[in-house]
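Thanks for making time this morning.

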Amino acid sequence: MLSATQLIHSIPVDPLTGAISVPIYQTSTFVQEAPGVNKGYDYSRSNNPTRATLEELMAKLEFGATGLAFASGLAAIDAVVKLLKSGDEIVAVDDIYGGAYRLFTAVYEQYGIKVQFVDTSDLEKVDAAITPNTKLIWLETPTNPTLKISDISAIAKIAKANNCLLCVDNTFATPVLQQPLLLGADIVIHSATKYLGGHSDLIAGILVAKDEQVGARLKFFQNACGAVLAPFDSWLVIRGIETLHLRMKHHSRTALKVAQYLTTHPAIAQVYYPGLSSHPNHELALTQSKTGGGIISFSLVNDTNEAAVELVSNTQLFKLAESLGGIKSLISHPANMTHKSIPVEKRRAAGVSDSLIRLSIGLEEAEDLIADLASVLDSIEAKESSDAYATSNEY
Ligand SMILES: *Cc1c(COP(=O)(O)O)cnc(C)c1O
């Protein structure tokens, strides 16, 4: 696994000036000595030195041949789908990021690309979904928001046996915790908006291909379609990566403490966190990932919209917001936020119950976060027991 020293010293000192911080080349074009004679750069959509530093850094951290930086995570996902053509099929994890679901179905089905969503934590289901037209398997592990774990090595073998590519969305784990290319995947993508950037101050995407040929095709799409990451935002992502190791360690340690606390509270029905031994795939999670990560979900005994809304509206430190991976802890209610557009029955069947709540654990002290949750959970619990008492009195 990647050490903090390795990570920090993978970020180069500027060879031209010795600047210890990567320079921002805020330029659109590069002056040529003669037509076609340049210093490796001609136009910033095609290549920019600041972006190139980020791209090479991510290729190193993920152990791939080619890294590419995009204007958003979805733009990186979009470039991968462009490897396919009409008639090809994708087998994707059913608990997939909503934006990827929309891209696969509402955009690419128009062009004749079919997608099947399956529970990829069940290898037999992955095997059964593959047809001669399957060209791409798409995983997220852990998934959002129910933190399901899929076996990357085993699915890489299935992909190989069927001549298709395996792409893993590694946004939740980051290369500090999990390196899918070393487990047999072909492509890794990230929403760098989350942990890589780490400060909730940008939108960015990263793609790393294991193989140079696949990397060259993806690089072609990056330039041909144009959704590149700007120089300043590339620099911000590099600066975020400088502390990635430290942050992931702290997020993970705190998340484990908060998850353990949540399992003890009487108002809580279920806690979803891969770092807990009660997680159905806890052992697999810890063979392919260093920790359980910084995201926790849980559901309430009072499995209602109202109880969840009361909780998410009354925490002080946990801020009510979508997204994850920043320094401040965030709380969200998928049924009312990220998963609102999914029909109720379909959402519940996917394990996203009415009261499911997702936490992104920030960099605050564990005790403070636990106290914040405790004050609201205790009041929900007190209300429930007094309601039960009132009901039994009436009876
Ligand atoms: C946020 C997210 C994306 C999309 O990334 P953007 O930067 O918002 O375009 C993709 N996958 C996962 C797992 C995410 O959390």
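**The ligand and its surroundings**

A polar backbone atom of Gly73 lies 2.9 Å from an oxygen atom of the ligand, a polar contact being a pair of N or O atoms within 3.5 Å. This is a predicted model, in which local features need pLDDT of at least 70 and side-chain atom pairs count only at pLDDT 80 or more, while totals for chains, interfaces and linings use all residues. Residues are numbered from 1 along each chain as its sequence is written, and side-chain values use heavy atoms, with hydrogens and water left out.

For Leu74, a backbone N or O atom is 2.9 Å from an oxygen atom of the ligand, whereas for Asp169 an N or O atom of the side chain lies 2.7 Å from a nitrogen atom of the ligand. Of the 380 Å² of accessible area that the ligand has on its own, the protein covers 93%, as computed by the Shrake-Rupley method with a 1.4 Å probe.

Turning to the chain as a whole, an automatic or database domain assignment divides it into domain 1 (4-242) and domain 2 (245-392), whose C-alpha centres are 28 Å apart. Their contact, meaning heavy atoms within 4.5 Å, takes 30 residues from domain 1 and 33 residues from domain 2.

How values were computed: Polar contact = N/O pair within 3.5 Å; in protein donor to acceptor, adjacent residues only side chain to side chain.
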